[in-house]
Structure formats: C-alpha cells, structure tokens
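Keep the 3D view open as you read.

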Amino acid sequence: MSTAIPAAPPAPQTASRVTRRMALVGNPNSGKTTLFNALTGLRAQTGNYPGTTVERRLGRLVLADDEIELLDLPGLYDFQANTEDERVALAVIEGHATGVERLDGAIVVLDAAHLSRGLFLVSQLIEHKLPVVIALNMVDVAEANGIHINPDQLADELGCPVYPVVARSGRGVPALRDALRQWPAGSPVAGRVSGCSGCSGCRFQDRYAWSDAVTARCAKESPAKPNVWTERVDRLLTHPVVGVAAFLALMLGVFFLIFQIASVPMDLIDGLFSSLGNWITNRLPASDWRDLLVQGVIGGVGGVLVFLPQICILFFCLALLEDSGYLARAAFVMDRLMQRVGLPGRAFVPLLSAHACAIPAIMATRVIADRRDRLVTILIAPLMSCAARIPVYSMLAALLFANDPGKAALVFTGAYALGLAVAVLMAFVFKKTLLRGEATPLVMELPSYKLPSLRTALLTVLDRATVFVRRAGTIILLISVALWALATYPKSEPPAEAVALQVQAEQAADDAAAELQAQADKLTSHHALANSAAGRLGRLIEPVIQPLGFDWQIGIGIVSSFAAREVVVSTLAVVYGVGEDAVDENPQSLYDSLRAAQRSDGTKVFTTATCISLLVFYVLAMQCLPTQAVTRRETNSWKWPIIQLLYMTVLAYVGAWIAFQLFS
C-alpha cells in the first residue's frame, strides 16, 4: 500500500541561483572581450590571476533562473603555450590553475573570416573533453569578404551547438544567451572531430588538414568585390610619411576634444567641490578639523577628480579607434620607426598601452620573446605619457593658455610627442650599449575596418573611470590628508611683521583695516607653511631644484608625487590653499591660486619658463613607485628598476633645466 507524500512547499523567492563556471576561449583578436561585454555588461570586475601578474576579467551572466560565472581568458592559438598569458589560459582550461575552480564548459569565440585557424583550437578543446558552445563571431565581416558559413553544417561536423553572432552590434547575442540558459550544468560532453580519429596525438599538419577540410565543407566563398576605398585609405594610413603625419594629426584632434568638450563637466565638478567646501566652512567653527575637511579632503580629492572628464574622453576616443581597426594600422606604421632604433614590432602594443598606465604595459612585454628586446621595452615604457600625467598636463596647459583650447591641445600633443621621442632615443642607446642585439620583425594581420561599438567604448570608459575614482578615494585621499598634516604641523607663532599689521588693522578704518588684515593673514600663512614639516622638507631640497625654476613649495609636490604622479595636483591645491580665507564667498580656483602665487620677493612662481620646465620634468621623470615594484617583479632583479629610476631622473633634471634656460 502506497503512502501519500505531501508536496514540497514552493521554493522561496530568495533561493540562491545555480552558478556555473564558463570561460570565453579563442584566438587573439577574435572578439572575445567584446562578446564578454555584450553578455555581462556592468556585472564584471578586473583583477589578477592568483600568483600571477596576468590580468583577468570575471563577470556574471544573469539569466531567468540561473547565473553563469563567466571568465574572459587571454587569447591563445593552441595548447602549445609560449607566453605567460597563454600558460595561464591553458591552466584554467585544464583545471589546475591556482585559485580558479574547474570549468563547467567553454564558449569558444571563432572569427568567421578566419574559420580554419580557430578550428585548430576547437579540436584541442573537444579532445580535452570540455563541453563547448561555439560563438561564430564577426559573420558580417566574413559576409562582406564573400565568405558564407553554414552554422548548422558546422554544428553537425563538430557535434556542438554553433551560434553566429556579431558581438560588436549585439546581433545573435540574445540567441546565444537563450542557448546558455537551456544548456544545463553537467551536460554530457558534446563534440566530435570526425575524419581525424579524434585528432588525439595528431601532428600539427594533420590537425590543420582537418581544420581546412571542415572549413571547405561548411564555408563557401564567392568572389567579393574589391574594396577600392579600403585599399586607398590603407595606402595613405600605412604610408611611412603620410601615415605618421595622420597619426599625429589624429591624436592632436583627440586632445583638442579633451579640452573643448571637457570644460563644461570640469566646471561643474569644480563648482560642486567649491560649494561643498563653502557649505562646511559656514557651518563649522574655525578649527583644524574644519581645515582638514575643506583643504585636505575636499581640496585634495576635488583637485584630482576635476580631471575625470578629460580622462573619460581620452579613453573613449582610444576605444573607438581600436575597435575601428585603425590602431593596427598605426602599429604597422610605427613598426618601421621602431625597427630603426632596434625595437621589435611587438613592442608597439605594450608601449601603446603604457599611455594608459605603465604597469600593465610592463606586464604586457611578456609577448616579446627575446629577453633583450623585452628589457628595453620595460625600461622605456614609463616614458610614455600615462593617464596619471593627464591632470598634470591639464593644469600646466591651463596655466599657460587659460582661454585658448587650441594652444592647450598643442601642449598636450607636445608632451606626448616629447615622451615618445625620448623613448625612441633611449631605446636606440640601450640597444647600442647595455642590451645590444637586432630586433625581431613584426608579423601581424591588419583587421578590416568596421564601425566601432559604442557599448564597448562606454564600458571601457567606465572601467578606467572606476579605477581612477578608486585611487582618488584611497591613496590620493590618504596622501592629501598626510600632506595637509605636514603643511599644518608643527604650528608656529606669527611673525613680528604680521603681529604689527594685525595691531594696525584693529586701529584703522574699515577699508584700510581689511587690506592690513589680508596682508597679516598672508604673512602668517606663509610663515606657518615655511616652518611646518612640509616646508622644512621643501627647503631641504630647494637648492637642488632651484636651477629648474622650482621653489620649495613645488618641491613638496615633487616629493609627494613619487606615490602617484597625479598627486602633485592635489598637493599644490593643499599647499597653496593653506592660509586662504575659507569664508570668502568667491574662493579662487586652483588655477587662479597658482597664477597668483608669489615668492617672498614678490615675483610670480608659475611663470612661462617654470610651467614649461615643470611640464618637461613630469614628462621624463620616473614619479611612480608602483611601476618600480612591477619592474622588479617582471625582471626578477633590482638592477633594472634602479637603472630605470636613475636614467629617467637624470633625463628629467637635464631636460627641465634646458627648458627653463630657453624660456627664461
């Protein structure tokens, strides 16, 4: 006799989702990251693989009643991993990567225009007994080239589902998302490699023969009309003279947009922090606590965040240029120049990424096989103007040309060009002295031109902006507070001249009293800063930096910026803000304060010569200790970071001295 079993109660709405772990696998430049962004959107974070310096992106693909943990693996062509990035990707696929759980499956991203090359990797994945879903990406490019692939026949050949997509535009992505939702965790291994006996243990030529045979059966090529316009544009953009000129002109246009468009949001951010500072000033009694909030926290962090719009515009433009296919042409053009100074063509990608940050650029030099070429690239990478220098360039450009965005853009372009020119020169010197040897030629495939993805560009901007804001909220905040304390303590008694002016102000009429009081306050604040810990440190190094046109207050900024270059802006905001009347209804902006800054003899601090000297110094100086730490880790020696620090410091000092003498 059967016993009735009561029905189980319905699961609560807050039941945890089933999580599967999948990875995006594919050849380099197959569109993996674009598809990753299309699937995960804002639900992604960037970090490093445990125990390595290889960057990884981990996201969550939220489905109706399920959730997939998605990992964007570094690109690889086959299981014969040669670089650290490829070895990390292979370790994750094989399930023995430290700190990474075993995968439940893989989404293999194939470039439809180069199907045979991607199928070589697919055969190895299927042989490895890993469940596979194929995302046949860039089918629009393949069709434009006269290549038409039958996805159903390809799925039958491989024994796994195939979904044509255009990750850049989102075409086919919903169908792929639905397929992943219906594909249960723990599904049997799908995939077969017929005609190659499973390809197990096959030689490379046998595996390539199988890939070519499958491509021949599944893809049909029709004669495509030659793209006359593409050929004409490429003849110009890859010309050894016109191509370089076009690249420089394009970057000049980008920097012009940075100044022209960013001015409105920059004014809004500056006004927001000024209003916040005034609000706190008017509601708290005069005290060190109030000064800390207004001058240390709000003034320091606000002085850096005001440059966030410019950084966002820069990365937005670079993302569009990369996605359009132009940056590959720029690499081709610049390779000719780099070969002449002994740099390998593969160094272009790390050096280009160094314009964002030298740290990932130094890590990216692992793609360079030759050790000497890799060391040269590491040594010169910090000479590329990184994003952390943008606030410094913006500040100095605004001091030089306040109301002329065209000339300010020229300052930006000149700073970037100077860093690039000196990097090329030092590469030539290193290849003729410490690291002699011939550079290996660049072999690369130029991608087709395509409309860039606005979504990808915006996600790139969001990622970089988040990193910048996080730094402003942590390290820059701590440094700003520490600098305020150094500039405030130990406290000193007002000088006799200030006391005398104070007495005169109390006895004078209203108008005269206000002027005398202002003079007394100025003398008091200058005396207090000069006798503070920061002032004493600045005066200690002033004899060394004085030939460059710098005073002890600028010296404080130089010392503080060794933690991060952009900290010099918040440092100057703190240093030149000490002693200002915070109750003033119209407080001066940072630029106005710097323009009005005077030395003890009444001369201006930030003259044209001083601004240009400081600009040259920050273009060439090694002002980033985290970069030194990464150089030590990547070279496994303190020898190379010490050489890097010494030669860049000498370059910066000599260059700044020459600039100051020329413009004085």
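Start with strand β6, where both faces are covered: Val132, Ile134 and Leu136 on one side are buried, and so are Val133, Ala135 and Asn137 on the other. Buried here means under 20% relative accessible area, with exposed over 50% and partly exposed in between (1.4 Å probe, protein chains only). Why two sets of residues? Because in a regular strand the side chains alternate between the two faces of the sheet. The strand covers residues 132–137, and six of its six residues are buried. Strands (E, at least two residues) and helices (H or I, at least four) are DSSP runs, numbered from the N terminus.

A quick word on the model: it is predicted, so local features need pLDDT of at least 70 and side-chain atom pairs count only at pLDDT 80 or more, while totals for chains, interfaces and linings use all residues. Residues are numbered from 1 along each chain as its sequence is written, and side-chain values use heavy atoms, leaving out hydrogens and water.

Now for the neighbors of β6. Strand β5 (residues 105–111) pairs with β6 in the parallel sense over six bridges, and Leu110 stands opposite Leu136. Strand β8 (residues 162–164) also pairs with β6 in the parallel sense, over three bridges; there, Tyr163 is the bridge partner of Ala135. Pairing takes at least two DSSP bridges between two strands.

Val544, Val650, Tyr653, Val654, Trp657, Ile658, Leu662 and Phe663 make a nonpolar patch of about 760 Å². Such patches use residues with over 30% relative accessible area and no salt bridge, with nonpolar side chains (Val, Leu, Ile, Met, Phe, Trp, Tyr) joined within 5 Å and like charges within 9 Å. Accessible areas come from the Shrake-Rupley method with a 1.4 Å probe, and for residues only the protein chains shown count as cover. A salt bridge is a side-chain nitrogen of Lys or Arg within 4 Å of a carboxyl oxygen of Asp or Glu. Helix α28 (residues 639–663) gives the most to the patch, with seven residues, while Val544 lies in helix α22 (residues 533–545).
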